[in-house]
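Please find below a note for a colleague who is meeting this structure for the first time. The sequence and the coordinates are shown first, and the commentary comes after them.

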Amino acid sequence: MAKVLAVLSSGYKDEKNEYETGWWGEELFAPMQMLEEAGHQVDLASPLGGKPDIDQMSISKEYDPKGTYKELYESGKADETMKLSEVDPEDYDVVLIVGGHGAMYDLAKNEDLHTIMNKVYDGGGIVAAECHGPAPLVYAKRPNGDSFIAGKKVTGYPDEMEPEGLLDILPFSLEQEMRKISEYDQGDLEKTGHAVWADEQLVTSRDPFSSELMGEELVKALKKKSQ
């Protein structure tokens with residue numbers, strides 16, 4: 001059994017632009033279900049601890065038509081998170097950074113998360129990031145001072161998929177920042193699901209529709225590591 005730390009944004013409110021965001025339901029629950037079914041333990045953490053704010057859009061009829069993730073959310077499955085500052089990275093085999101636009105606000109430059117990512121990676125574990133979850137990979141520094149993804153093949157939420165007008169108020173463009181330092185691969189936007197392994201320990205996925213694929217990739221990788 002592996003131990004997985006899923007990291008969620010605590011949430012963000014932009015009152016000036018009447019904009020609220022947080023973590024994306026499917027990006028936690030889809031891989032979490034697969035990992036737990038495979039016998040792995042999934043713990044949750046966020047910058048503030050406690051109950052982090054979900055992006056309500058992610059459990060709306062539009063994005064969750066069957067109500068699958070809404071039901072899991074309302075069951076309380078994500079009500080308790082540890083503070084990132086209290087996490088011992090040595091306890092974990094995987095750190096999974098869940099997307100949602102919230103990640104760009106309170107996870108991107110979070111030094112506690114950067115430390116966890118480096119320690120898990122240097123301990124031979126896996127660092128995984130979904131959708132907007134690669135934001136911390138842009139700003140986290142490796143021991144040599146380079147960005148975590150410098151020169152690596154990665155993916156993340158592309159500008160082309162951002163809602164109209166949202167790029168104007170977001171703190172940065174994830175795609176543009178990734179392109180500056182890494183080999184950014186958005187994949188075929190006509191196809192559902194896209195995940196990229198930069199090496200055996202670093203995997204990124206493009207969008208919410210890649211959540212199940214991320215779960216599959218992590219389950220496969222952990223099975224391979226245990227053999």
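The numbered points below treat the helices, then individual loop and strand residues.

1. Basis of the note. This is a predicted model, in which local features need pLDDT of at least 70 and side-chain atom pairs count only at pLDDT 80 or more, while totals for chains, interfaces and linings use all residues. Residues are numbered from 1 along each chain as its sequence is written, and side-chain values use heavy atoms, with hydrogens and water left out.

2. Helix 1. Helices (H or I, at least four residues) and strands (E, at least two) are DSSP runs, numbered from the N terminus. Helix 1 covers residues 25-37. The expected span of a helix is 1.5 Å times one less than its number of residues. Just after helix 1, Gly39 has a positive phi of about 95 degrees.

3. Burial of helix 1. Here, buried means under 20% relative accessible area, exposed over 50%, and partly exposed in between (1.4 Å probe, protein chains only). The buried residues of helix 1 are Gly25, Glu26, Glu27, Leu28, Phe29, Ala30, Pro31, Met32 and Leu35. These residues pack against strand 1, strand 4, helix 2, strand 6, strand 7 and helix 7, where contact means heavy atoms within 4.5 Å.

4. Helix 1 with helix 7. How do these two helices pack? Their angle is about 35 degrees and their axes are 8 Å apart, with helix 7 formed by residues 211-226. Axes are lines fitted to C-alpha atoms, for helices over the stretch in contact, and angles run from 0 to 180 degrees between N-to-C directions. The crossing is right-handed; a crossing is left-handed if the near helix is turned anticlockwise from the far one by less than a right angle, and right-handed if clockwise. From helix 1, Glu26, Glu27, Ala30, Pro31, Met34 and Leu35 take part, and they meet Ser211, Glu212, Gly215, Glu216, Leu218, Val219 and Leu222 of helix 7. The residues of this contact divide into seven nonpolar, two polar and four charged. In that count, Ala, Val, Leu, Ile, Met, Phe, Trp, Tyr, Cys and Pro are nonpolar, Asp, Glu, Lys and Arg are charged, and the others, Gly among them, are polar.

5. Helix 4. The 12 residues of helix 4 (residues 111-122) should span 16 Å at 1.5 Å a residue, in agreement with the 16 Å between the end C-alpha atoms. Asn110 caps the N-terminal end, with a side-chain oxygen 3.0 Å from the backbone nitrogen of Asp112. Such a polar contact is a pair of N or O atoms within 3.5 Å; within protein, one must be able to donate a hydrogen and the other to accept it, and residues adjacent in sequence count only if both atoms are side-chain atoms. Helix 4 is followed by Gly124, with a positive phi near 90 degrees. Leu113, His114, Ile116, Met117, Asn118, Val120 and Tyr121 are buried, and their cover includes strand 1, helix 5 and strand 10.

6. Ser58. This residue is in the loop between strand 4 (41-46) and helix 2 (68-74). Ser58 counts as buried because its relative accessibility is 1%. The side chain of Ser58 reaches the backbone nitrogen of Gly25 at 3.0 Å, and a polar atom of that side chain lies 2.7 Å from the backbone oxygen of Asp55. Leaving aside neighbours within four places in sequence, Ser58 is in contact with Trp23, Trp24, Gly25, Tyr63 and Asp64.

7. Cys131 is placed in the loop between strand 7 and helix 5, has a positive phi near 60 degrees although it is a residue other than glycine, and is buried at 2% relative accessibility. Beyond four places in sequence, the contacts of Cys131 include Glu27, Gly99, Tyr157 and Ser205. Ser205 itself is in strand 11 and is buried at 0% relative accessibility. Among the contacts of Ser205 beyond four places in sequence are Ala129, Cys131, His194 and Met214.

8. Glu18. Is this residue buried or exposed? At 75% relative accessibility, Glu18 counts as exposed. Glu18 is found in the loop between strand 2 (12-14) and strand 3 (19-21), and its phi is positive, about 50 degrees, although Glu18 is not a glycine.
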